[in-house]
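Welcome! Please take a moment to look over the sequence and the 3D view before reading on.

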Amino acid sequence: MQHKSLVLFDLAVGGHHGSYLQHIVKQWSLASIPGILNLVVAPQFLEQHLEVVELAKNNGSGTIELLSISSEEAESLRQQKSFLKRIFIEWKLFCHYARQTKADQAMLMQFDHLQLPMVFGERSPCPVSGIYFRPTLHYSQFSHYTSTSKDRIRRWRQKLLLALALKSGQMHTLFCLDPFAPAAIAPFAQTVQVVPLPDPVERMLIDPVRSHQLKIQLNIAPNRRIFLLFGKLSSRKGTHQLLEAVRQLPMEISQKLCVLMVGEIPNSEAPRLKSLISQVTANSSAQILLKDEFIPESDAPLYFQIADVVLAPYQQHVGMSGILLQAAAAQKPVLSSDYGLMGELVQQYELGLVTDAQQPSAIAQTISHYLQHPDTQFANLFRMKAFVEQNLADKFVETILRQLIPHAIDNTAAISSHSVKGALCQKSMLQ
């Protein structure tokens, strides 16, 4: 049998970008899939996602290639001030590396921004699939959603561009992290398969010793409830609204609170955020702890284990958030924005409480509600577990390979079953 070549293309770094590739590389290696897997990444990826680099290097079958675009190509992208020029350059790089690797199929690990160059740029040298992160054309069906004229224009523009991309004759499969989106997309995707894709998460192992050590290391004050904000600490995560909400809490409430902010702050936002933290700390009895650094994926579960509540006050966030899954895997309730897909999932799976995250007073009220009722079960543990099971990393990989390399499914299914049985034997597994 002639070995096929599959290219995974992702020039972004940090967050889910490393973990998605890591799950695929791990399963590809374990299942001994007859084909060549080429990962095309940015130079910075090799520095920040060492776990993926090591997995690719130590692949015994030699069927995984990790390719970095050149530093000159990366710099050319970085210097482009025009978003349009940048995405057309990125698409051209994709086509170049798809030809170079003689790819039979390609997967855009982030499809959204490459639709326009796909339609109006050069044609891909091979069939293309992609992960669609931020469809909004169905948001009007969600609760807590009020459509504005700006939203209606965005939906119209999104439908038009997506329809053109799907009719371009280049698309094989469109994967959607939003499970509600495929039904809305299907009417204008007659020749392209639209498939819901699990947002991958691992079952979480409890490590009480390391968790206790982390709490000591962070110097968390005793008798405080830990509210965790995890990930890149940009303003879109609701950092400013959260801090203003903490400022509004009365002393008898705030003295029960520890806000733990963990993740890198964008350089352009660091001075303002750190200044806000100082101001709120000086005028509140709440404890606010900032850990401004990138946290390796292997260490992330520890922070969720020590949390009492996981914060997700994102500002008009479109699409899925892995934070909801991490919280569910640790069986910790969330305080989430009520907007869009995140709000809908929190309510459907009973993952915690939702609020209008654009209003600090609403966030403050919800924090108070958690703190004043510490013995209340705010989340449905059974539904949380179901949410995690539907999004396990094995299912993420299997869904992709089932569409792109159907003959590989028997191997991956066997590996997946073996992995699950092995994991369930560990007594420390979180049920």
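## Before you start

This is a predicted model, in which local features need pLDDT of at least 70 and side-chain atom pairs count only at pLDDT 80 or more, while totals for chains, interfaces and linings use all residues. Residues are numbered from 1 along each chain as its sequence is written, and side-chain values use heavy atoms, with hydrogens and water left out.

Helices (H or I, at least four residues) and strands (E, at least two) are DSSP runs, numbered from the N terminus.

## The seven-stranded sheet

Let us begin with an open sheet of seven strands, ordered β3-β2-β1-β4-β5-β6-β7 with parallel pairing; two strands pair if DSSP finds at least two bridges between them. At its edges are β3 (64-68) and β7 (193-196), each pairing on one side only. On average, neighbouring strands of this sheet are turned by 20 degrees against each other, direction ignored.

Strand β6 (residues 171-176) pairs with β7 in the parallel sense over four bridges. Here L174 stands opposite V194 in β7.

## Helices on the sheet

Helix α7 (residues 149-166) lies across β5 (128-132) and β6, and runs at about 140 degrees to β6. Angles run from 0 to 180 degrees between N-to-C directions, and axes are lines fitted to C-alpha atoms, for helices over the stretch in contact. Helix α18 also packs on the sheet, touching β1 (4-9), β4 (105-108), β5, β6 and β7, and its direction makes about 160 degrees with that of β6.

## Where α1 meets α18

Helix α1 (residues 16-31) packs against helix α18 (residues 393-404) at an angle of about 75 degrees, and their axes are 9 Å apart. The two helices are therefore roughly perpendicular to each other, a term for angles of 65 to 115 degrees.

From α1, the contact (heavy atoms within 4.5 Å) involves Y20, H23, I24, Q27 and W28. From α18 come A393, D394, F396, V397, I400 and L401. These residues divide into eight nonpolar, two polar and one charged.

Strand β8 (residues 225-230) runs parallel to β11 and is joined to β11 by two bridges, with F227 partnered by V309. Three bridges join β11 to strand β12 (residues 334-337), again in parallel, and L311 has L335 as its bridge partner. Between β11 and β12 the chain passes through helix α14 (residues 322-329), giving a right-handed β-α-β crossover: with the strands pointing away from the viewer, the path from the first strand over the helix to the second runs clockwise.

Conventions. Angles under 35 degrees count as roughly parallel, over 145 as roughly antiparallel, 65 to 115 as roughly perpendicular and the rest as oblique. Ala, Val, Leu, Ile, Met, Phe, Trp, Tyr, Cys and Pro count as nonpolar, Asp, Glu, Lys and Arg as charged, and the others, Gly among them, as polar.
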